[in-house]
Amino acid sequence: MSVTQDAASSYGHTQPRSVDGNSPDDDHGAAAVPASRDASPGDDRDPPTAQDDYLLVELLCAALAKIRLERQRAGVPARGTDGSGPLPRAWRDARGRLWWKAQALGLDGPGNDLELFDWCRRPLGLWPVPLSLTEVDLEAVLLEGDSLSEFAEQAADLVQHADVEAELVQNQVFAALMLCARMNGGDDGAVQQVYRRLRRLLIDHPVLSDREVQTLARELPAEDSDHDSFLAKFVRIAYVHHPVQTPGKVRLRRCADCRNPLDDRALGCGTPGCTGVAERYEVACLGGYWTQHRATRQFFHDPGLLEGRLLDQVREIAHECLCVEDWPCLDAWDMAVTFKAKEPGAEAECWAVDAKDCSSPALLARGFHCDPRVPARRHIIVVPMHRLRTPGYRADLERELQGRVSGVEVLDEKTFLRQVTVRARQTGGTR
Ligand SMILES: [Zn+2]
């Protein structure tokens, strides 16, 4: 569903005050918005300004995600229905910030909301008010036509804004997953076990048959007082149901690598970094099957492909001299790799690892924290090879991490696996 489809009728006209109201129209006054001093792009970026400008962009993206959500609830590009309420507060906050920034630079801000929607379709580096972002991000657009870009989706995911955060589908998926893990796990260890099971399910199963859900329900039977199981709630939030006429096998088409469903005309799967080809396969179902919600695919499945791949490959390297824990401490890190001590009594060495598949290195760094709950000798961010094809990606990431976290290394996928192999060999033999 598009974001700005019919925006003129739904929003531009229902909120006339925003057309001429060129000033911030709520409690974010001048004091809350430090005036920008410098807006030159690239490496000369002024850190406080860059902080402000990233927040501004995140707010806009969060607002675009919220507008899309409301349009989906309204069902259609609706003119004058309940779905066409006022624009989200995040949008007004962002427009306010942009207005103050334009003032400080002696420039014109967006004249109205429609103009700002229009800016969202241009590369950020071409906005009439210059933004202090990394070179890579200055090439990004927020809207591709009427849909959120990959950059905008990821930015919206990172913003902490009460207006939007609780409503983002990915947060609801995560909450339902946690609830299912808590209600089915007797103690911390069991909760962690279920958590792993469900995270892996989201990576390995973009499509689920109702028979598979039934099997899983026997394993995870906890229910609420209405006899609705927490697993069923989780599946309903994370997936979309497709009923079938008669029980039996349904023939579907998917990408052979990432397993995302493909419709008959699609040539590629569209998954970042995936080069898989289409294949036919059959799903045995009783009354229907489930496919992942767009947000589940985008925030759990697609970035999870790297996590799943690394976990599997590290396990392949050497069973006997290392152990891998997936999503330790309920996702404090994506994995903890512990190399057993060579001598009895010596200390084992742990590497805490996060696999990050993110289009913008600056956004990745802004959203990254080094969780202390997993004591580790090395803290490593692993980036897939396809991201590093973007010029400047690694340098931007390393620079943005400076001052936020210390002692975090950035490795590409291949280098990481090579280092695990070498370290395991030092510990005592690989298979
Ligand atoms: Zn694919």
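A residue is called buried if 20 or more other C-beta atoms lie within 10 Å of its own, exposed if 12 or fewer, and partly exposed in between, with C-beta atoms placed from the backbone.

**Ground rules.** This is a predicted model, where local features need pLDDT of at least 70, side-chain atom pairs count only at pLDDT 80 or more, and totals for chains, interfaces and linings use all residues. Residues are numbered from 1 along each chain as its sequence is written.

**Helix α16.** I looked up residues 393–401, which form α16, and found Y393, D396, L397, E400 and L401 buried. Why do they sit on the same side of α16? Their directions cover an arc of only 125° around the axis, the arc being that of the directions from the helix axis to the C-beta atoms. I reminded myself that an α-helix has 3.6 residues a turn, so residues three or four places apart point the same way. Next I checked the cover over these buried residues, which includes α6 (135–138), α15 (361–367) and β12 (408–412). After α16 comes G403, with a positive phi near 85°.

**Whole chain.** I count on DSSP runs here: helices are H or I, at least four residues, strands are E, at least two, and both are numbered from the N terminus. That gives 17 helices and twelve strands. Of the 431 residues, 41% count as buried. Contact means that two residues have their C-beta atoms, placed from the backbone, within 7 Å. Among contacts with a separation of 6 or more, 70% come from residues 24 or more positions apart.

**The core.** A nonpolar core is a set of buried Ala, Val, Leu, Ile, Met, Phe, Trp, Tyr and Cys residues joined through C-beta atoms within 7 Å. Which residues touch the most other members of the largest one? They are L60, C61, A63 and L64, out of 102 residues. Helix α3 (residues 47–74) gives this core its largest share, eleven residues. I followed L60 and found that it touches W91, A94, C120 and L142, leaving out residues up to four places away in sequence.

**Two helix pairs.** Axes are lines fitted to C-alpha atoms, for helices over the stretch in contact, and angles run from 0 to 180 degrees between N-to-C directions. Angles under 35 degrees count as roughly parallel, over 145 as roughly antiparallel, 65 to 115 as roughly perpendicular and the rest as oblique.

- α13 (residues 294–317) and α17 (residues 413–428) pack at about 25°, axes 10 Å apart. They are therefore roughly parallel. I found Q313, V314 and I317 of α13 meeting L417, V420, T421 and A424 of α17.
- α9 (residues 169–184) and α10 (residues 188–204) pack at about 140°, axes 8 Å apart. That makes α9 oblique to α10. On the α9 side, the contact includes L177 and C180; on the α10 side, V191 and V194 are among the residues.

**Two single residues.** Is E150 buried or partly exposed? E150 is partly exposed, because 16 other C-beta atoms lie within 10 Å. E150 belongs to α7 (residues 150–158) and touches P272 and S359, not counting residues up to four places away in sequence.

P247 lies in the loop between β4 (239–243) and β5 (248–255). With 13 C-beta neighbours inside 10 Å, P247 is partly exposed too. P247 and G287 are 40 residues apart in sequence, yet 5.8 Å apart in space, C-alpha to C-alpha.
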